[in-house]
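Me: Hi! I am new to reading protein models. Could you take me through one, feature by feature?

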Amino acid sequence: MENPVGSTPHPRRRLVVAAALACLVALAVAVLVLGRTGEPTDASAEAGFARDMASHHAQAVEMSFIARDGGSDDALRLLAYDIIVTQTAQRGMFMGWLQQWELGQATERPSMAWMAGHGHGGTAGAPAAMPGMASAAELDRLRKATGREQEILFLQLMIRHHEGGVQMAEALLRLSDRDEVVTMARHIVNTQDGEIKLMKDMLKQRGAQPLPSIRQ
């Protein structure tokens, strides 16, 4: 595969990404081989987490493609590429879980209903916005921005987006004890917390600050 940033990535970063993907593959194989009884229901926290986090990841991947294709800074483009690869793989696992549990990828239940009463979530008939999601106007600004302006906006939006993803993963950890889902949620918390720190450093290097934190 052609290097997406036009130069050889730092060996340590390549090892980190490879190790993360290896963990995801191992988790997927374990789920398929071992199986589970008492599969999650359509209204379960596990199913809601899988569906909503898949949608959440889809926007992160979209923003990362914009930054990778429009940017010229190798470090930022490599970060965007890492997010694309990791979160695309995780989305595949979420869809695989739903298939294994014999549940649809779509549901009539409102988004975020599984988090109701845990700091976020919609009520019946009233879907809630997923935390950290960029608005249509913000995505449009990101697409139209160039150079340093685009880099700063991407980092600001992705920090807030990661904060929302961590919130969702932490909520799942309070609501579920299902091994494969809990393992994934912990991985998301650890990975995205680390990337938040990295992106804050990148913003500082550009003389910019993050958007107001959404963390409670």
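Reply: Gladly! Keep in mind that this model is predicted. Let us begin with Gln150, which counts as buried because its relative accessible area is 5%, and the cut-off for buried is under 20%.

Me: Where does Gln150 lie, and which residues is Gln150 in contact with?

Reply: Gln150 is part of helix 5. Setting aside neighbours within four places in sequence, its contacts are Ile66, Ala67, Gly70, Gly71, Leu142, Arg143 and Ala145.

Me: Is His161 buried or exposed?

Reply: His161 is buried, with a relative accessible area of 1%. Not counting residues up to four places away in sequence, His161 touches His56, Gln59, Ala60, Met63, Pro131, Gly132 and Met133.

Me: How do I read the sides of a helix?

Reply: Here is the general idea: an α-helix has 3.6 residues a turn, so residues three or four places apart point the same way. Now look at helix 4, residues 136–144, where Glu138, Leu139 and Leu142 are buried. These residues are on the same side of helix 4 because they cover an arc of only 100° around the axis.

Me: Which residues of helix 4 are exposed on the other side?

Reply: On that other side you find Ala136, Ala137, Arg141 and Lys144, which are exposed. As for the buried residues of helix 4, what covers them includes helix 2 (45–70) and helix 5 (147–175).

Me: What should I know about nonpolar cores?

Reply: In soluble globular proteins, nonpolar side chains tend to be buried together. In this model the largest nonpolar core has 29 residues, and Phe49, Phe94, Trp97, Trp114 and Leu172 have the most contacts inside it. At least two residues of this core come from each of helix 2, helix 3 (74–100), helix 5 and helix 6 (179–205). Apart from this core lies another, of 23 residues, including Ile83, Leu142, Leu153 and Leu157.

Me: Which residues does Trp114 touch?

Reply: Not counting residues up to four places away in sequence, Trp114 touches Ser44, Ala45, Gly48, Phe49, Asp52, Met168, Ala171, Leu172 and Leu175.

Me: How many cavities of 30 Å³ or more does the structure hold?

Reply: It holds one. The largest cavity has a volume of about 50 Å³, and its lining is made up of Asp82, Ile83, Thr86, Gln87, Gln90, His187, Ile188, Thr191, Gln192 and Glu195. Helix 3 and helix 6 are the elements that give two or more residues to this lining. By type, the lining residues divide into two nonpolar, six polar and two charged.

Me: What about backbone angles? Which value does phi of Glu102 have?

Reply: Phi of Glu102 is near 60°, a positive value in a residue other than glycine. Met112 is a further case, with phi near 70°, again positive in a residue other than glycine. Glu102 is found in the loop between helix 3 and helix 4, and Met112 is found in the loop between helix 3 and helix 4 too.

Me: Are Glu102 and Met112 buried or exposed?

Reply: Glu102 counts as exposed, at 73% relative accessibility. Met112, at 0% relative accessibility, counts as buried.

Methods
Residues numbered from 1 in each chain as written. Predicted model: local features only at pLDDT ≥ 70, side-chain atom pairs only at ≥ 80, totals over all residues. Heavy atoms only, no water. Buried < 20%, exposed > 50% of the residue type's maximum accessible area, 1.4 Å probe, protein only. Helix = DSSP H or I, 4+ residues; strand = E, 2+ residues; numbered from the N terminus. Arc of directions from axis to C-beta. Contact = heavy atoms within 4.5 Å. Core = buried A, V, L, I, M, F, W, Y, C linked by side-chain atoms within 4.5 Å. 1 Å grid on protein atoms, 1.4 Å probe; cavity = no way out; pocket = protein on both sides within 12 Å on 5 of 7 lines; lining within 4 Å. Points joined across faces, edges and corners; volume = space filled by probe spheres on them. Nonpolar A, V, L, I, M, F, W, Y, C, P; charged D, E, K, R; others polar.
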